[in-house]
Amino acid sequence: MGKILVTGATGYIGSHTCVALMRAGYRVLAVDNLSRSKVASLARIQMITGIAPRFYNVDVCDEEEMNWIFRDHLIDCVIHFAGLKDVEESVRQPLDYYHNNVYGLLQLLHVMQRNRCKSLVFSSSATVYGAGETAPYKEDMKTSAVNPYGQTKLMGEQILRDLCATDPEWSVAALRYFNPIGAHESGLLGEDPSGVPGNLVPCIARAATGQTQALSVYGSDYDTPDGTGIRDYIHVMDVAEGHIAALREYTARHRGFRTFNLGTGKGSSVLEVVAAYEAACGKKIPLSMEARRSGDVAVSYADVTRAREELNWTASADLERMCADSWRFVCQNPRGLE
Ligand code: WQD
């Protein structure tokens, strides 16, 4: 099996994908600058798989450092997770987001080109579907961005589309994640946000453990059955398996640029996720109904036809499993990964 370089490998989706890759027999080179994740992830990956991934504490923006890695290894494909991903932070610090997410991608592509490695799986996001479109979102729908984070993902896709159009040797699968949640079933890996989280499930977990008095519910007046926002929550291990499918069914067989939605094709409301989490943790989650959060859309969920037909991949875990796995990680790691 091939040698895969994973950037952002100690992060949430990156670490779970390393587990899936190693379980599938791939050899993994893990790269991360540890700015938003912890080196402790590596020991957890080893505890789960029995193998310690080769780790490089390197920033993808550092072209020369990255070049040394490519000179030492014959790399079949790169899976590029490294980047910043907090929408609200991107509004406050746009230059950090353009530097890390756009300049970082450009530096990586230069190194790949220098070393004749032209196979990439790119971490994109459902954020690129503009507010003008209505769910279920399809890959050929119009895209737009309403915040710098979404812009960096749109720019990344455009850079890769243009690169593939000019150099037919390139193969790029851009995976548009919907809402990854949950944790590895062992409880050894999970979502361990640095700082105060913005995403729903880590916020529910903080209310469930008493770290916060209540979960703030941002908007209960949306045009949805229970008035709260609807999203397509997908188990992080299903997202990880989606990357394996992209390697096997796309980059190993095809050239050119192609986007794929990674979602379940099913929407769940905030209150439905709360109910599933209450069943998982056996506690009532206190709620504070608040105003809508700026930039939120009412409903977002994926059309998953293309990934099913072209990658032979579909998500399998349901909301109850996602919440049960998340709660197990929270209970086993009260202070996060350490
Ligand atoms: C989900 C729903 C909130 C927190 C973002 C990024 C996206 C991706 C996933 C990177 C919404 C509601 C949330 C809370 C709440 N990240 N909510 N109380 O906004 O769909 O997507 O994270 O790729 O790019 O945009 O996810 O988890 O923040 O919110 O009521 O404390 O939960 O209003 O309806 P979102 P989210």
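I started with Asn 199: an N or O atom in its side chain sits 2.8 Å from an oxygen atom of the ligand. I call that a polar contact, a pair of N or O atoms within 3.5 Å. This is a predicted model, where local features need pLDDT of at least 70, side-chain atom pairs count only at pLDDT 80 or more, and totals for chains, interfaces and linings use all residues. Residues are numbered from 1 along each chain as its sequence is written, and side-chain values use heavy atoms, with hydrogens and water left out.

Asp 296 has an N or O atom 2.6 Å from a ligand oxygen, and Ser 125 has a polar atom 3.0 Å from one. I then noted the 19 residues around the ligand (a heavy atom within 4 Å). Thr 127, Leu 200, Ser 216, Arg 231 and Asp 296 come nearest.

Next I looked up helix packing. Helices here are DSSP runs (H or I, at least four residues), numbered from the N terminus. H5 (residues 94-114) and H6 (residues 148-166) have axes, lines fitted to C-alpha atoms over the stretch in contact, that come within 9 Å and cross at roughly 20°. That makes H5 roughly parallel to H6 (angles under 35 degrees). In contact (heavy atoms within 4.5 Å) I found, among others, Tyr 97 and Leu 105 in H5, and Met 155 and Ile 159 in H6.

Last, I turned to H1 (residues 12-23) and H8 (residues 236-251), which pack at about 60° with axes 8 Å apart.

Technical notes. Axes are lines fitted to C-alpha atoms, for helices over the stretch in contact, and angles run from 0 to 180 degrees between N-to-C directions. Helices (H or I, at least four residues) and strands (E, at least two) are DSSP runs, numbered from the N terminus. A polar contact is a pair of N or O atoms within 3.5 Å; within protein, one must be able to donate a hydrogen and the other to accept it, and residues adjacent in sequence count only if both atoms are side-chain atoms. Angles under 35 degrees count as roughly parallel, over 145 as roughly antiparallel, 65 to 115 as roughly perpendicular and the rest as oblique.
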